[in-house]
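I opened my notebook for a structure that was new to me. Here is what I looked up, entry by entry.

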Amino acid sequence: GVLSLRPEQVLATADAGPPAAIAQLRAAGVKVTTLDPAHTIEALRRNVRTVAAALGVSDRGEALDRRIADAWRDTRTAVAAAPGRPRVLFVLAHGGRAQTMVSGAGTAADAMIALAGGVNPLAGVKGYKPLTAEGALGAAPEVILVTREGLDALGGTRELLAHPGLALTPAGRAGRVVSLDALYL
């Protein structure tokens, strides 16, 4: 399918695949540039420079990298000055209530929570797992974070908090639900 588009170059994360498809692209003469899939600021900065070099605009990549480094320094200062580290539960609900998941360790959501100065109460769990009432209560989040698209798929904050267990958490009782655009997150 990708070859039918006649690309000269493909930018892909290291986990793109299947491997046979990537090998087929390379065998057909397509330049495949692999990006770092890590959820770190360092990986982001490397990827900016890698993409810029692949597109022949290294100078613009270096300039963007410097802006990211400056913004990150300012962000880290602001995060360090913030009082406390709230327990933040990320709820992934793009498929509606039947497919509601929460994020554990090794996920982009887990990294985002840590980078923002929060604590993922499910850091002892690997990957995304189905949300259960027991899990929500045990996590005892102070904030529930969800994508705007996920919240819309559920029908809004009231429907999110109607999920068994969420309404009884500290975040649910206080109505502390934050929704942000999925691409922004």
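I began with a term: buried means under 20% relative accessible area, exposed means over 50%, and partly exposed lies in between (1.4 Å probe, protein chains only). I noted that this is a predicted model, where local features need pLDDT of at least 70, side-chain atom pairs count only at pLDDT 80 or more, and totals for chains, interfaces and linings use all residues. Residues are numbered from 1 along each chain as its sequence is written, and side-chain values use heavy atoms, with hydrogens and water left out.

**Entry: a buried Asp**

I looked up Asp110, which is found in helix α4. Helices (H or I, at least four residues) and strands (E, at least two) are DSSP runs, numbered from the N terminus. A salt bridge needs a side-chain nitrogen of Lys or Arg within 4 Å of a carboxyl oxygen of Asp or Glu.

I did find a polar contact of 3.0 Å between the side chains of Asp110 and Asn120. That term covers a pair of N or O atoms within 3.5 Å; within protein, one must be able to donate a hydrogen and the other to accept it, and residues adjacent in sequence count only if both atoms are side-chain atoms. Leaving aside neighbours within four places in sequence, the contacts of Asp110 (heavy atoms within 4.5 Å) are Ser103, Gly104, Ala105, Asn120 and Ala123.

**Entry: the helix around it**

Helix α4 spans residues 108–115, and I listed its buried residues as Ala109, Asp110, Ala111, Met112 and Ile113. They pack against β3, β4 (101–103), β5 (128–130) and β6. Just after α4, I saw that Gly117 takes a positive phi of about 95 degrees.

**Entry: the nonpolar cores**

A nonpolar core is a set of buried Ala, Val, Leu, Ile, Met, Phe, Trp, Tyr and Cys residues joined through side-chain atoms within 4.5 Å. How many residues does the largest one have? I read 17, and those with the most contacts inside it include Leu89, Val91, Ile144 and Leu166. Among the elements giving two or more residues to this core are β3 (88–92), α5 (133–139) and β6 (143–147). A second, separate core of 7 residues includes Val88, Phe90, Ile113 and Val143.

**Entry: the salt bridges**

Side chains of opposite charge can pair when their charged atoms come close. By the rule above, I have a count of 5 salt bridges.

One joins Arg46 and Asp36, with the closest N and O atoms 2.5 Å apart. Arg46 lies in helix α2 (residues 41–54) and Asp36 in the loop between β2 (31–35) and α2, so the pair ties together parts 10 residues apart in sequence.

Asp65 and Arg49 meet in another, at 3.1 Å from N to O. This pair links distant parts of the chain, with Asp65 in helix α3 (residues 58–81) and Arg49 in helix α2, 16 residues apart. Is Asp65 buried or exposed? At 6% relative accessibility, Asp65 counts as buried, whereas Arg49 is partly exposed at 30%.

Arg73 and Asp70 pair at 3.2 Å; both lie in helix α3, 3 residues apart, about one turn of the helix.
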